[in-house]
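Work through the exercises below with the sequence and the model in view. Each task is followed by its solution.

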Amino acid sequence: MHRTKYNNNISSLHSLQASLMSALQCLTFLFLFLLLQVATPASPLPLDRRRRVLDNSNHSNFAKHPRRVVFPVNRGSCDLFAGEWVRDETYPLYRAEECGGGMIDPGFDCQTYGRPDSDYLKFRWKPFNCDVPSRFNGVKFLQEMRNKTIMFVGDSLGRNQWESLMCMITSSAPFIHTHIIHEDPLSTFKILDYDVKVSFYRAPYLVNIEKIHGKTTLKLDEISVDASAAWRTANVLLFNTGHWWSHTGSLRGWEQMKIGGRYYGDMDRLVAMRKGLTTWSNWVLRYTNSPLTRVFFFSVSPTHYNPNEWTSGATASTITQGGKTCYGQTKPFSGTSYPTSSYVDQKKVIDQVVKEMKSHVSLMDISMLSALRIDGHPSIYSGDLNPSLKKNPDRSSDCSHWCLPGLPDTWNQLFYAALLF
């Protein structure tokens, strides 16, 4: 009898063990099924649906696009910088008076300082095959950039663009609270409601320049400690350089160059520029190799001091007879490509250096679209020039910088598209 009871217990244990094993197998299969469901990517949304999701999201897409953006279009990828200038009566994006006090330098505020024509404000850049935002949305920009720092680094063209972005933000997000700190080399525009900083760091050569034995020395193989510390605080960096590398005579910003412990009274400027940009690229690769930091480089902004560059093939309505500068130009150059310019060699150096950095830097190739805008410079409406200077535009015109509102607004439109879309 005891043996029978013992056998019955054994049989019960075997049945229980079998039940447990069966249950365990079911749980295992259920776990694997759920795991596969999580790991399997969702079906891709159609392009228009994805774009609507992107536009309506309240979450930042900033960290999701650490590399150069390629715009999906019907045929291949999009070249933001291949296009044409089209007339748009809804332009400009803002009026100078909509910018707060101290935002636009007098040298860029052409309308306030007497420029009589305004047609140059009515042109919009239209890429040939891209679907890009037609207007700048300051609220969206600030939402995406909340708690972040955007920093322009370079020469006065970088400052030109920095002031443009400040005006674009304040005019399209008018109820924000802001504060500007103007210092040298770092100036900062703070949008207090979003804890966003938009800064400009003056560094015309990007590399260090300082006094050595009483001489102003351009150190081609060194980024200054102060510059490095400031740049590393930014989440988005926009670099530019170019014009200062070609200055000669009294306009030259240095007395000697230094590299590798050796001093030079001068050297081929393109060679010097490449050495300086190589130093910059090494800094970028060392300190900004993170998907949370976006780096842009804006190619050379062309000047228009030589009418021979654009008179060939240009229409009579765009040419001021006898002029030797950009003074009197009221319309863009007619066409989609500019014949020639002195900026081409510098642009090649920039292209080569950035290409060698692979995909870490987004090259904003604004040179050609800017070259077409022979009408966009301040010329003699660059601040409060005295009457004698205004009477001599061939000697006093500013054909390097750009009026605001004006061309730098387009640079920022393209930056906005590349950064957020």
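A cavity is a set of points on a 1 Å grid over the protein atoms alone where a 1.4 Å probe fits but cannot get out, and lining residues have an atom within 4 Å of a point. The model is predicted: local features need pLDDT of at least 70, side-chain atom pairs count only at pLDDT 80 or more, and totals for chains, interfaces and linings use all residues. Residues are numbered from 1 along each chain as its sequence is written, and side-chain values use heavy atoms, without hydrogens and water.

**Exercise 1.** Find the volume and the lining of the second largest cavity.

Solution. The second largest cavity holds about 60 Å³ of space. Its lining includes Leu157, Gln161, Phe298 and Trp411. Sorted by class, this lining has five nonpolar, five polar and no charged residues (Ala, Val, Leu, Ile, Met, Phe, Trp, Tyr, Cys and Pro count as nonpolar, Asp, Glu, Lys and Arg as charged, the others, Gly among them, as polar).

**Exercise 2.** Describe the largest cavity and its lining.

Solution. The volume of the largest cavity is about 140 Å³. Of the 15 residues that line the largest cavity, Tyr120, Leu121, Phe123, Gly406 and Leu407 lie nearest its centre. Helix 12 (residues 407-420) gives the most to this lining, with three residues; helices are DSSP runs (H or I, at least four residues) numbered from the N terminus. The lining residues of the largest cavity comprise 10 nonpolar, three polar and two charged.

Notes:
On a 1 Å grid over the protein atoms alone, a cavity is a set of points where a 1.4 Å probe fits but cannot get out, and a pocket is an open set with protein on both sides within 12 Å along at least five of seven lines; lining residues have an atom within 4 Å of a point. Grid points are joined across faces, edges and corners, and a volume is the space filled by probe spheres set on the points. Helices (H or I, at least four residues) and strands (E, at least two) are DSSP runs, numbered from the N terminus.
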